[in-house]
Amino acid sequence: MVLEQFFGQLTEILTFIKGLRRRGVLPWDGDNDYEQYARAVGSDGNMYRAQAATGPAGGNVQDPTTDANDPRIWVLDVPDVGADAQTSGPVAWGKVTANGSGVDTFGVKSVTRTGADSSEYEYEIVLDDGIALTGNCVPIIQPVSDIPTVRTTPSTTGFTVQFSSNNHAGTSRTFYFAVFGS
């Protein structure tokens with residue numbers, strides 16, 4: 001009986017690993033405890049990132065697709081930019097280093113970093129003339145490190161990005177971005 005249980009558990013583990021290799025990120029499971037910054041796929045097929053620890057051990061099981069907390073525990077890992085933006089493709093993209101330099105950018109007029117220290121840095125990206133952020137068109141930000149984005153503010157000429165004031169310094173404030181729209 002013990003040997004049968006062992007092989008049964010081994011089969012379950014191997015099936016889990018096979019599923020993980022196929023999917024890359026597992027679907028959300030209400031029986032699982034998630035750490036802050038964990039990723040899971042919601043029942044709607046979107047990828048979500050946990051802003052705080054969540055799960056049965058902490059007594060705060062939150063389904064990413066129905067999370068109604070304020071602020072939300074689960075946020076879209078890649079924001080939904082709307083059907084129009086998705087079909088029109090990227091209009092600007094690039095990399096911004098911690099010192100505010102734009103590297104390998106396309107569709108960008110200028111990049112400026114303001115603020116007295118790393119807890120106050122704000123990065124302003126101005127897009128080329130003729131590119132305007134309207135409607136559902138929003139920038140998608142992907143930091144190099146797991147540092148939370150505090151604020152991304154679109155404007156008609158570009159957008160600004162500010163990160164949390166945690167003790168992240170140096171290259172950890174480097175980020176990539178893409179802007180979808182027309």
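Which residue in E7 is the bridge partner of Val108? The answer is in point 6, after the confidence and the overall layout.

1. Basis of the note. This is a predicted model, in which local features need pLDDT of at least 70 and side-chain atom pairs count only at pLDDT 80 or more, while totals for chains, interfaces and linings use all residues. Residues are numbered from 1 along each chain as its sequence is written, and side-chain values use heavy atoms, with hydrogens and water left out.

2. Confidence. The mean pLDDT (the predictor's confidence in each residue, from 0 to 100) is 78 for the protein, and 77% of the residues score at least 70. Helix H2 (residues 83-88) has the lowest confidence, with a mean of 50, and strand E6 (residues 108-114) has the highest, at 90.

3. Overall layout. Along the sequence the pattern reads α-β-β-β-α-β-β-β-β-β-β-β-β. Of the 182 residues, 33% count as buried, that is, under 20% relative accessible area, against over 50% for exposed and in between for partly exposed (1.4 Å probe, protein chains only). Taking contacts (heavy atoms within 4.5 Å) between residues at least 6 apart in sequence, 48% join residues at least 24 apart.

4. The three-stranded sheet. E1, E2 and E3 form an open antiparallel sheet in the order E1-E2-E3; two strands pair if DSSP finds at least two bridges between them. Strand E1 (39-41) and strand E3 (74-76) are at the edges with a single partner strand each, so one side of each has no neighbour in the sheet. The twist from one strand to the next averages 35°, with axes fitted as lines to C-alpha atoms and angles running from 0 to 180 degrees between N-to-C directions. Three bridges link E1 to strand E2 (residues 47-50) in the antiparallel sense, and Ala40 has Tyr48 in E2 as its bridge partner.

5. The four-stranded sheet. Another open antiparallel sheet has four strands in the order E5-E4-E11-E8. Its edges are strand E5 (102-106) and strand E8 (139-143), each with a single partner strand, so one side of each is left without a neighbour in the sheet. Here the twist averages 10° from one strand to the next. Strand E4 (residues 90-96) and strand E11 (residues 175-180) are antiparallel over six bridges, and the bridge partner of Ala92 in E11 is Val179.

6. Pairings of E7. E6 and E7 run antiparallel and are joined by six bridges. Val108 has Leu127 in E7 as its bridge partner. E7 also pairs with E10 in the antiparallel sense, over five bridges, and there Ile125 has Phe159 in E10 as its bridge partner.

7. Cores. A nonpolar core is a set of buried Ala, Val, Leu, Ile, Met, Phe, Trp, Tyr and Cys residues joined through side-chain atoms within 4.5 Å. The largest one has 18 residues, and Tyr123, Ile125, Phe175 and Phe177 have the most contacts inside it. Two or more residues come from each of E4, E6, strand E7 (122-127), strand E10 (158-163) and E11. Beyond its neighbours within four places in sequence, Tyr123 is in contact with residues including Val96, Thr112, Phe159, Val161 and Phe175.
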